[in-house]
Amino acid sequence: MEVITVSELARKMNLKASDLIGKLMGMGMMVNINQQIDAETAEILAGEYDCKVNTVSLYDETIIETADDLETDMVVRPPIITVMGHVDHGKTKLLDAIRRTDVVAGEFGGITQHIGAYQVELPQGKLTFLDTPGHEAFTLMRARGADVTDIVILVVAANDGVMPQTKEAIDHAKAAKVPIIVAINKIDLPEANPDRVKQQLSDLGLMPEQWGGETLFCEISALKGDGVPQLLETVYLQADVLELRANKSCNAEGRVIESRIDPGRGTVSTVLVQRGTLRVGDSFIAGVFPGRVRAMFNDRGDRIEESTPSMPVEVLGCSGIPDAGDPFQVTNDEKIARQIGGKRQELKKVEEGRNVKKITLDNLYDSIQQGALQELRVIIKGDVHGSVEALQSSLEKLSTREIGLIAIRAAAGAINENDVMLAAASNAIIIGFHVRPTPRAQLLADREKVEIRKYSVIYDAVLDIQSAMEGMLAPEMKEEIVGTAEVRDTFKSSKIGTIAGAFVDKGKVRRSCGIRVFRNGEEIHTDGKIESLKRFKDDVREVETGYECGISIVGFNDIEVGDVFEFFEMREIAKKLSAPTADEKPSENKPANGKK
């Protein structure tokens, strides 16, 4: 980097740090062992010891050179198709119809929670599908799906029409500059209206070919399988136009689609190979983590020895959990992978250090103002990185000026003892998404009184945390007028002072009420308290409409006939955060448990 600490420079020069500090003091610089000096100062200092400094960009050392493609090595590859659309519009059902296997049955609430990557072999050739979640929270996962794809199938329900995530999917596809094929689903329903969908999509720039546009439309019923063969023909037609080819002979390169920790197998990464051939035993680097391919499995769980371009595989052997969307590159040997991994981790640490928020004079006032800010700390653990990221994003959106949600840890993997200890120290709650605590972690949580919440559907977690945050807000005090009374007569008492003989003409009067006094429409006494409330000679707690009573007011005796008393109570109203959007609530057609 452009700076280096004194201790690091001393280590590189094989000298004691105290020698360098002494030399710097002689040059007029008062520094300590952990202080950073710039490259120019380091060069002058090294010159004092007859050392030569070579400044190499740390970023350049993290890049792996890719081989040039030779025409002889290029082969036709299957198209990568991303299925996108709004929640509950039938994306997974469409893939189900194509794969002839029931994916939806394994999805909680019938809603896709992760990206599913599948390869389907049909008579015309192979197709690779990415099934992205349609739920509002998974924006980042949809964007990643659009980045690695060749063709987007946009699924729109004929009965619902264009919805918020439909528009978002179109934006992602246009940003990635990939062709869109529209599949109008659920045409078997009586309320289906395909022409309305075509009209709505035309307004968004997707004009059907039948209407003189360029977008291919197919009308299908994923549930019954109607129109699916015609959709696949359209996909093959579009793939032929694109002339998709890739180098099969070079080192494998691709993208990490998803990653998770499997209790029996360690880190499992779903990788989509984009060029080259990936083999068991290859050394690789995924994001910032080096590794070696110990085993590979295809989308059906069968063990395979090699993976060709456009093939999604599960890879075992990564040293850490790479982020979804990270580049995956094979290196010539394990040593290079470890070196580059170390440099990338160093670069990441430096970047994270730059993002640490420090108190400055500019933000000092804001920080003081935030002294009254309530905080709800959470630890988020999930089965795969993409879902953790989506859940963290959804929960952090709940933060307001009065209460903030802070995710002090968000990672893939089971809930372990370290998570529980961190939660106990930070007074945080643990949210498990598709994961459970280990037995020892559960025992520790019970002992430390740490709350662990387990969820399998994202909107359940969002609504629960929203309720918890609302409970932490200070309630609003709202005034409620409970009744009025007119003074008909006044009496003097040596003990109490002036007593008003009043007639309750509206609502009721309670002993606990506050009281205001009005004369000729003007308020002459505000926020008073009732000292005594009587019916005849008896003390009473309340008097209803149409009855007379005797009222004396604490510290106020200037009461005249014709005055009007107004009685009020202060009620606590629980504050609410902004309500979740319609997309975060369960669909009316499909309840959260997946049953009709």
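A nonpolar core is a set of buried Ala, Val, Leu, Ile, Met, Phe, Trp, Tyr and Cys residues joined through side-chain atoms within 4.5 Å. "Buried" here means under 20% relative accessible area, "exposed" means over 50%, and "partly exposed" is what lies in between (1.4 Å probe, protein chains only). Before we use these terms, note that this is a predicted model, where local features need pLDDT of at least 70 and side-chain atom pairs count only at pLDDT 80 or more, while totals for chains, interfaces and linings use all residues. Residues are numbered from 1 along each chain as its sequence is written, and side-chain values use heavy atoms, with hydrogens and water left out.

Let's start with the whole protein. There are 596 residues, and 47% of them count as buried. You'll find 14 helices and 32 strands; these are DSSP runs numbered from the N terminus, with helices (H or I) having at least four residues and strands (E) at least two. Now take the contacts (heavy atoms within 4.5 Å). Among those with a separation of 6 or more, 70% are between residues 24 or more positions apart.

Next, look inside. The largest nonpolar core has 25 residues, and L94, F129, I153 and L231 have the most contacts inside it. Two or more residues each come from β4 (80–85), α4 (91–99), β5 (116–122), β6 (125–131), β7 (151–157), β8 (180–185), β9 (216–219) and α8 (228–242). Of these, α8 gives the most, with 6 residues.

Now follow the chain to helix α12, residues 417–426, where D419, V420, A423 and S426 are buried. Seen down the axis of α12, these buried residues fall within an arc of 140° (taken from the directions from the helix axis to the C-beta atoms), so they line one face of the helix. The face turned away from that buried side carries the exposed residues N418 and A425. At the start of α12, a side-chain oxygen of N416 comes to within 3.2 Å of the backbone nitrogen of N418.

N14 is not a glycine, yet its phi is positive, about 60°. You'll spot N14 in the loop between α1 (6–13) and α2 (17–26), and at 72% relative accessibility N14 counts as exposed. H434 isn't a glycine either, and its phi is positive at about 70°. Look for H434 in the loop between β22 (429–433) and α13 (439–448); with a relative accessible area of 26%, H434 is partly exposed.

Terms used. A polar contact is a pair of N or O atoms within 3.5 Å; within protein, one must be able to donate a hydrogen and the other to accept it, and residues adjacent in sequence count only if both atoms are side-chain atoms.
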